Amino acid sequence: MWVDLPFTSTDSYTKSGDITNSYNRLLSMITVYYTPGSSFYGNTALKNDVLSALDWLYTQKYNTTVAPYGNWYHWQIGVPQALTKIGILMRDDLTAAQLTNYMSAVNRFIPDSAARTVSGSPLMTGANLLDQAISVAYRGILVKDAAKITNARDALGSVFAYVSPAAAPNTPARDGFYQDGSFHE
């Protein structure tokens, strides 16, 4: 699909990165398609190229049966972020089968916000949990799955939980948000 992303590296981390980078390029392409004032705004050939590339990537690289390799990040965060954003932008241009296929692939790798479906993935906390939660929420919106949206909401809430000030004198306060609206770091 891309000369500089050939999916042929002997390094599995580079190969999995080629998948994420491919989806990110498609996201950029479809973003300019929908951006008024862009020279590609409404360009049907561009939209059709993106649709064709999405189908190829689904068939060849990111689907419900592919065995993951390389960096867990690409499977659980990189691709889901780009693919769910593409889904939101292209919702009216995707067939029901395309939307189902693409979102089923996302669900396979992140069925919930804290999922660790790829070998080597860490316990999802902080930014990683937020990244996955956002993709789970977008998927939930696209397929009208309230349980996914609730899961994402709860994950976001756990990261932005209130903290308590230090209990003892001369003890540093903990990082986070306080119920009075202040923030400490």
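How many of the 19 residues of α3 are buried?

What we have here is a predicted model, where local features need pLDDT of at least 70, side-chain atom pairs count only at pLDDT 80 or more, and totals for chains, interfaces and linings use all residues. Residues are numbered from 1 along each chain as its sequence is written, and side-chain values use heavy atoms, with hydrogens and water left out.

Let's start with the overall layout. The protein has six helices and two strands, and along the sequence they run α-α-α-α-α-α-β-β. Helices here are DSSP runs of H or I with at least four residues, strands are runs of E with at least two, and both are numbered from the N terminus. Of the 185 residues, 38% are buried. Buried means under 20% relative accessible area, exposed means over 50%, and partly exposed is in between, using a 1.4 Å probe and protein chains only. As for contacts (heavy atoms within 4.5 Å), 57% of those with a separation of 6 or more are between residues 24 or more positions apart.

Now back to my opening question. In α3, 15 of the 19 residues are buried, so the helix is largely enclosed by the rest of the structure. Helix α3 covers residues 72-90 and reaches 26 Å from its first C-alpha to its last, close to the 27 Å expected. That expected span is 1.5 Å times one less than the number of residues. Look at Pro80 and you will find a kink of about 35° centred there; the bend is the angle between axes fitted to the seven residues ending at a residue and the seven starting there. At the N-terminal end, Asn71 caps α3, with a side-chain oxygen 2.9 Å from the backbone nitrogen of Tyr73.

What does Thr20 touch? Thr20 sits in helix α1, residues 12-33, and counts as buried at 5% relative accessibility. Leaving out residues up to four places away in sequence, Thr20 touches His74, Gly78 and Val79.

Next, the aromatic rings. The structure holds nine aromatic pairs. Rings of Phe, Tyr and Trp (its six-membered ring) pair if their centres lie within 6.5 Å; planes under 30 degrees apart are stacked, over 60 edge-to-face, and the rest tilted. Take Trp75 and Phe109: their ring centres are 5.3 Å apart and their planes are at 40°, so this pair is tilted. Trp75 belongs to α3 and Phe109 to α4 (residues 96-109), so the pair ties together parts 34 residues apart in sequence. Both Trp75 and Phe109 are buried. They also join Tyr23, Tyr62 and Tyr69 in a cluster linked by ring pairs.

The charged end of Arg25 sits over the ring of Trp2, 5.2 Å from its centre. "Over a ring" here means NZ of Lys or CZ of Arg within 6 Å of the ring centre and within 35 degrees of the ring normal.

Last stop, helix α5, residues 126-143. Its buried residues, including Leu129, Val136 and Leu142, pack against α3, α4 and α6 (146-159). Just after α5, Lys144 takes a positive phi of about 60°.

Key
Polar contact = N/O pair within 3.5 Å; in protein donor to acceptor, adjacent residues only side chain to side chain.
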